Amino acid sequence: MHIRPATPADRAAIAAIILPAIRAGTTLTQDPAMSEADAIAYWLAPDKTTFVAEADGAIVGTYYIRRNQTGGGSHVCNCGYVTAAAAAGRGVARSMCAHSLDQARAQGYRAMQFNFVVSTNEPAVHLWQSMGFAIVGRLPGAFAHPQAGDVDAYVMYQKL
């Protein structure tokens with residue numbers, strides 16, 4: 001697997017990955033009805049550095065890294081990750097997370113924080129824990145899951 005910075009030519013492939021996850025409404029907090037243009041604008045916003053993961057010549061995942069806060073919190077970064085549904089279970093998210101941790105260190109961040117990990121997204125919770133993240137906060141009923149109703153969200157953190 002190869003992970004590289006996203007280019008404008010990757011927009012369609014990124015949209016094909018993030019839009020199904022947004023539309024499902026089960027793991028991401030964006031409005032499931034948001035337009036493709038708004039989804040791409042969010043994912044590729046100037047405050048983010050966006051990457052794509054490639055395997056066998058195809059883009060199979062994407063992630064971004066950004067400053068979590070400004071000022072006194074600017075030494076902590078935040079990331080968002082989405083793996084293409086067809087590539088689930090192939091280690092794409094693990095590779096993207098490892099890459100993002102390396103990027104965070106290279107960019108001088110001293111910690112990484114995930115602000116809102118949906119508790120029912122158990123594969124992600126377990127993966128992030130296996131990558132060294134701890135659940136440092138629980139937001140009771142903070143996510144309106146389309147099937148499970150209101151479920152908790154976690155704040156996860158790792159000092160770098």
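Helices (H or I, at least four residues) and strands (E, at least two) are DSSP runs, numbered from the N terminus. This is a predicted model, in which local features need pLDDT of at least 70 and side-chain atom pairs count only at pLDDT 80 or more, while totals for chains, interfaces and linings use all residues. Residues are numbered from 1 along each chain as its sequence is written, and side-chain values use heavy atoms, with hydrogens and water left out.

**View 1. Helix α1 and the bend at Ile18.** Helix α1, residues 11-24, has 14 residues and reaches 20 Å from its first C-alpha to its last, close to the 20 Å expected at 1.5 Å a residue, the expected span being 1.5 Å times one less than the number of residues. The helix bends by about 25 degrees at Ile18, with a proline, Pro20, following within four residues; the bend at a residue is the angle between axes fitted to the seven residues ending there and the seven starting there. Just after α1, Gly25 takes a positive phi of about 70 degrees.

**View 2. The buried residues of α1.** Ile14, Ala15, Ile17, Ile18, Leu19, Ala21 and Ile22 are the buried residues of this helix, where buried means under 20% relative accessible area, exposed over 50% and partly exposed in between (1.4 Å probe, protein chains only). They pack against α2 (36-43), β2 (48-55), β3 (58-67) and β4 (76-83), contact meaning heavy atoms within 4.5 Å.

**View 3. The open sheet.** Seven strands form an open sheet of mixed pairing in the order β1-β2-β3-β4-β5-β7-β6, two strands being paired if DSSP finds at least two bridges between them. Because β1 (2-5) and β6 (134-145) stand at the edges with a single partner strand each, one side of each is left without a neighbour in the sheet. β2 and β3 pair in the antiparallel sense over eight bridges, and Thr50 stands opposite Tyr64 in β3.

**View 4. Helix α3 around Ala93.** Ala93 is found in helix α3, residues 92-106, and is partly exposed, with a relative accessible area of 21%. Leaving aside its neighbours within four places in sequence, Ala93 is in contact with Thr83, Leu127 and Trp128. The C-alpha atoms of Ala93 and Ala104, 11 residues apart along the chain, are separated by 16 Å. Buried in α3 are Val92, Met96, Cys97, His99, Ser100, Leu101 and Ala104, and just after this helix Gly108 takes a positive phi of about 90 degrees.
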